[in-house]
Amino acid sequence: MNEQALDVRRSAQILRRHKVLLGIVVILGALAGLVYAEANPAMLTSTALIILPQSEQAQQGAAVIVDGAADPYTLTQQVIMTSNVVLRAALPHVRPATSVDKLRRDISVGILTPYVISVSVKGNVAADAETTANAIARSYISYVGSASSPIGRVPVQVLEPATSAAGAPLRPLLLDVLAGALSGLLIGVIIALAIGRNDRRLRERNEIADSIGVPVLASVSVGQPPDAAGWMNLLADYAPGAVDAWQLRKALHQLGPMGLNSSDPRADGFSLAVLSLSTDRKALALGPQLAALAAGVGISTALVIGPAQDANTAATLRAACAAGFGSVPPQRSRNLRVAVADDPHVDELPGAALTVVVAVVDGKAPRVADTMRTTATMLGVSASAATAEQLARIAVSAAVDGREIAGILVADPDPADRTTGRVPQVARPGLRRMPTRMTGTTTEIRH
């Protein structure tokens with residue numbers, strides 16, 4: 001795929017992610033168009049026609065166009081119709097009330113033939129435009145037919161009074177609204193692309209995998225329990241859908257412990273740390289959900305909440321594991337036990353085929369060495385929650401401490417993400433027993 005196609009694809013993804021923003025800006029643009037249309041309503045035009053008596057030149061068959069100009073006689077009538085005296089006399093009958101100067105700006109006097117002139121009036125209301133056009137026509141006829149006329153009495157007549165106003169008020173309104181919506185869409189696209197291209201957070205599985213060169217082993221939807229009771233319910237009743245269950249089973253299979261049980265001679269000693277960022281609360285649920293799934297498929301599992309660089313991030317999870325489940329009847333099998341790392345009775349934790357350690361580190365200055373030693377280490381991250389720099393800092397911190405990140409778990413993957421996380425081919429880590437320092441109260445989940 002060439003660079004241009006990739007750029008178009010990325011732009012389309014950015015716009016999809018910011019569709020709410022686009023919708024809001026489009027609606028605001030449409031409303032702006034509506035406000036503009038209301039402030040500048042479509043003008044309706046009503047026209048009255050007046051027939052003049054033929055001039056002497058016309059009666060003698062003379063040309064009515066001289067050097068490209070109309071008959072001076074007709075031009076004179078046009079000037080008279082827009083004079084102050086005619087317009088002032090029409091004011092009492094004009095609607096809505098206005099001044100002579102504004103009335104002159106709202107009317108248009110045209111010459112249709114050498115004998116017919118028209119007076120057109122623009123207005124927002126059809127009836128007002130018709131009334132005003134007829135009022136001016138009557139005022140003109142009255143003036144030129146009077147003794148005070150500067151050209152003498154002229155017997156003019158109304159050929160056709162203003163009876164209807166021309167115009168389509170609905171069309172300009174719709175056009176204004178549509179123009180506003182399109183303008184809003186264009187502005188929204190510009191804003192979304194500007195935000196998206198400056199946003200360094202990783203969203204696709206391939207981007208996350210490429211950031212540290214480690215494959216994504218599984219991507220699942222996660223819950224966000226708001227309190228300790230919510231964590232208790234998740235551990236006791238976690239029942240993922242078929243897709244999420246398969247993803248987690250696949251991750252366990254690639255790491256090694258799938259199928260182990262407490263009677264297996266290899267069972268004692270396999271431990272797995274799931275590291276997550278203190279700013280990524282969704283990823284915190286990956287470790288507990290993995291442990292609950294393992295217990296559900298028959299693996300003797302211990303969930304240990306390790307020390308966190310940010311105590312607030314895992315506070316409710318630690319409270320749930322420290323307090324136990326009380327009178328809540330758990331639905332999980334006896335295969336799952338939980339512990340808090342800093343309790344003095346951690347050594348009493350019974351042997352388990354799999355120990356899942358949940359550890360929270362700071363994305364700016366991660367201290368992986370402060371977390372408990374395990375057989376394997378995984379990184380948990382949710383889509384659009386971390387940058388490549390943050391994940392690289394964690395990987396470097398782990399490497400400095402002599403650990404290798406075996407894989408990545410992605411929480412709540414982007415629905416538009418069609419990448420695979422580089423299709424992992426991970427060798428199972430050795431099942432050697434490694435020293436594990438755990439201090440904490442344990443709680444066994446019983447039927």
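Buried here means under 20% relative accessible area, exposed means over 50%, and partly exposed lies in between (1.4 Å probe, protein chains only). This is a predicted model, where local features need pLDDT of at least 70 and side-chain atom pairs count only at pLDDT 80 or more, while totals for chains, interfaces and linings use all residues. Residues are numbered from 1 along each chain as its sequence is written, and side-chain values use heavy atoms, with hydrogens and water left out.

**View 1. The whole chain, to get your bearings.** The protein chain has 14 helices and 13 strands; these are DSSP runs numbered from the N terminus, with helices (H or I) of at least four residues and strands (E) of at least two. Of its 447 residues, 46% are buried. Take the contacts (heavy atoms within 4.5 Å) between residues at least 6 apart in sequence: 84% of them join residues at least 24 apart.

**View 2. Helices α11 and α12 where they cross.** The axes of α11 (residues 242–255) and α12 (residues 286–296) come within 10 Å and cross at roughly 85°. Axes are lines fitted to C-alpha atoms, for helices over the stretch in contact, and angles between N-to-C directions run from 0 to 180 degrees. The two helices are therefore roughly perpendicular to each other, a label for angles of 65 to 115 degrees (under 35 is roughly parallel, over 145 roughly antiparallel, the rest oblique). On the α11 side, look for Ala 245, Leu 248, Arg 249 and Leu 252; they meet Gln 289, Leu 290, Leu 293 and Ala 294 of α12. Sorted by class, this contact has six nonpolar residues, one polar and one charged. In that sorting, Ala, Val, Leu, Ile, Met, Phe, Trp, Tyr, Cys and Pro are nonpolar, Asp, Glu, Lys and Arg are charged, and the others, Gly among them, are polar.

**View 3. Helix α9 and its buried side.** Which residues of α9 are buried? They are Arg 205, Asn 206, Ile 208, Ala 209 and Ile 212. These residues cover an arc of only 165° around the axis, which puts them on the same side of α9; the arc is that of the directions from the helix axis to the C-beta atoms. Their cover includes β6 (216–220), β11 (376–382), α14 (388–400) and β12. Just after α9, Gly 213 takes a positive phi of about 70°.

**View 4. Arg 205 and Asp 417, joined across the sequence.** These two residues form a salt bridge, with their closest N and O atoms 3.5 Å apart. A salt bridge is a side-chain nitrogen of Lys or Arg within 4 Å of a carboxyl oxygen of Asp or Glu, and the count by this rule comes to eight. Arg 205 is buried at 13% relative accessibility, and Asp 417 is buried at 4%.

**View 5. Arg 95 meets Asp 128.** The side chains of this pair form a salt bridge of 3.4 Å, N to O. Arg 95 sits in the loop between α5 (84–90) and α6 (100–106), and Asp 128 in helix α7 (residues 126–144), 33 residues apart. Arg 95 is partly exposed at 43% relative accessible area, whereas Asp 128 counts as buried at 19%.

**View 6. A salt-bridge network around Asp 401.** Asp 401 pairs with Arg 403 in a salt bridge, the closest N and O atoms being 2.7 Å apart. Both Asp 401 and Arg 403 are buried. Through shared partners, salt bridges join Arg 373, Asp 401 and Arg 403 into one network.
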